[in-house]
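Please read the following briefing alongside the sequence and the three-dimensional structure. It is arranged by topic.

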Amino acid sequence: MALIRLTGHLICASAAERQAVLCHLPAHIAATVREPGCLFFDIAQTADPMVWSVSEGFATQADFDAHQARASTSPWAAATRAIKRVYEMGVAEPEISPETDADIAPIDRLTRAAFGGPDEAELIAQLRTQGDLALSLVARLGRTVLGHVAFSPLSAPMKAWALAPVSVRTACRRQGIGAALIRAGLESARAQGVEAVLVLGDPAYYGRFGFSAKAAQALRTPYDGPYLQALSLSGTARLPAGDITYPPAFAVL
Ligand SMILES: CC(C)(COP(=O)(O)OP(=O)(O)OC[C@H]1O[C@@H](n2cnc3c(N)ncnc32)[C@H](O)[C@@H]1OP(=O)(O)O)[C@@H](O)C(=O)NCCC(=O)NCCS
């Protein structure tokens, strides 16, 4: 993964430097958060009025470089070039953990943007309201949600979950965040005694996790066809035949 994280301090040595920060910082922040690769850009005055704490996250090194190039010719750079900066910068990995209340709105925004419409976001909201969100994991850098995956319980001849939906912020794709979320979810499912996970999606993507249409062949679901795939977590290659019923929230799709 190649997320970029920068933390540190901006330290003014005079009232004039402090005034330059106060004057130019709001426009600098506003321009930076509009950059597509900026994940967060938190610059806040500390208890010391001459010192600002800095915490920045960018989706890739290229996004960080583009930010530096733009900012280097901005009024902010011209006014604050001489101010002391003590920064640490490096590659960061997202943290994967169960959703909290603070994640609900970011998950909703992320899912609407990823799918270009409201259906999948409404599915998640209804699963949550109806007590059918068996597992909801987010990938985060700092406080910013970069990706999300949901699992819900199925009525089936074995203990089974549905995986749906999964989404990753556009700027952060192709770094393995989707795969890390799915693998963490499957691990948790296995630990909770789930014997099978079903997914409806592109076999080219889900095949890498072991899902196959063949494993789902004996199951009867509302979504039968080449996009319905299953993964046995119990070690048996063939899942028992039978009817699968999805939680009522899936009616929105
Ligand atoms: C699908 C999604 C979650 C993958 O997230 P991600 O963090 O980029 O995934 P990873 O980095 O783990 O994997 C990226 C790989 O998946 C492939 N991939 C992504 N979406 C794919 C799709 N719909 N079909 C086939 N392959 C896909 C990419 O081409 C890439 O392939 P590579 O590893 O050979 O380069 C993300 O693209 C997304 O949010 N898409 C919009 C929502 C969506 O379609 N969700 C899935 C519904 S089935």
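Helices (H or I, at least four residues) and strands (E, at least two) are DSSP runs, numbered from the N terminus. This is a predicted model, in which local features need pLDDT of at least 70 and side-chain atom pairs count only at pLDDT 80 or more, while totals for chains, interfaces and linings use all residues. Residues are numbered from 1 along each chain as its sequence is written.

**Domains**

- The domain assignment, whose bounds come from an automatic or database source, gives domain 1 (3-92) and domain 2 (95-252).
- Taken over C-alpha atoms, the centres of domain 1 and domain 2 are separated by 37 Å.
- The contact between them takes 11 residues from domain 1 and six residues from domain 2, where two residues are in contact if their C-beta atoms, placed from the backbone, lie within 7 Å.
- On the side of domain 1 that touches domain 2, the elements giving two or more residues are β1 (3-11), β2 (38-45) and β3 (51-58).
- By class, that side of domain 1 has six nonpolar, three polar and two charged residues; here Ala, Val, Leu, Ile, Met, Phe, Trp, Tyr, Cys and Pro count as nonpolar, Asp, Glu, Lys and Arg as charged, and the others, Gly among them, as polar.

**The shell around the ligand**

- The ligand is surrounded by 17 residues, of which the closest are R173, G178, A179, G201 and D202; a residue is near a molecule or strand if its C-beta atom, placed from the backbone, lies within 6 Å of it.
- At least two residues of this shell are supplied by each of α4 (104-115), β8 (160-168), α6 (177-191) and α7 (203-206), and β8 gives the most, with four residues.
- Sorted by class, the shell around the ligand has nine nonpolar, five polar and three charged residues.

**The largest nonpolar core**

- A nonpolar core is a set of buried Ala, Val, Leu, Ile, Met, Phe, Trp, Tyr and Cys residues joined through C-beta atoms within 7 Å; a residue is buried if 20 or more other C-beta atoms lie within 10 Å of its own, exposed if 12 or fewer, and partly exposed in between, with C-beta atoms placed from the backbone.
- The largest such core has 57 residues, and the ones that touch the most other members are W161, L163, V197, L198 and A230.
- Strand β8 provides the largest share of this core, seven residues, and because domain 1 (3-92) and domain 2 (95-252) both give residues to the core, it lies between them.
- A230 is found in strand β11 (residues 228-232) and is buried, because 26 other C-beta atoms lie within 10 Å.
- Not counting residues up to four places away in sequence, A230 touches A196, L198, F211, A215, A216, L219 and L239.
- Although A230 and L163 are 67 residues apart in sequence, their C-alpha atoms are 9.8 Å apart in space.
- L163, leaving aside its neighbours within four places in sequence, is in contact with V149, F151, I182, G185, V197 and V199.

**Packing of α4 and α5**

- The axes of α4 and helix α5 (residues 119-129) come within 7 Å and cross at roughly 150°, where axes are lines fitted to C-alpha atoms, for helices over the stretch in contact, and angles run from 0 to 180 degrees between N-to-C directions.
- From α4, residues I107, D108, T111, R112 and F115 meet D119, E120, A121, I124 and A125 in α5, and by class this contact has five nonpolar, one polar and four charged residues.

**Backbone geometry**

- Most residues other than glycine have a negative phi, and most peptide bonds are trans.
- A cis peptide bond, with omega of about -10°, joins A164 and P165, and P165 has its place in strand β8.
- R174, in the loop between β8 and α6, has a phi near 60°, a positive value in a residue other than glycine.
- R174 counts as exposed because it has 9 other C-beta atoms within 10 Å.

- E56 lies in strand β3 and is buried, with 21 other C-beta atoms within 10 Å; leaving aside neighbours within four places in sequence, E56 is in contact with L6, F40 and F41.
- D48 lies in the loop between β2 and β3 and counts as exposed, with 11 C-beta neighbours inside 10 Å.
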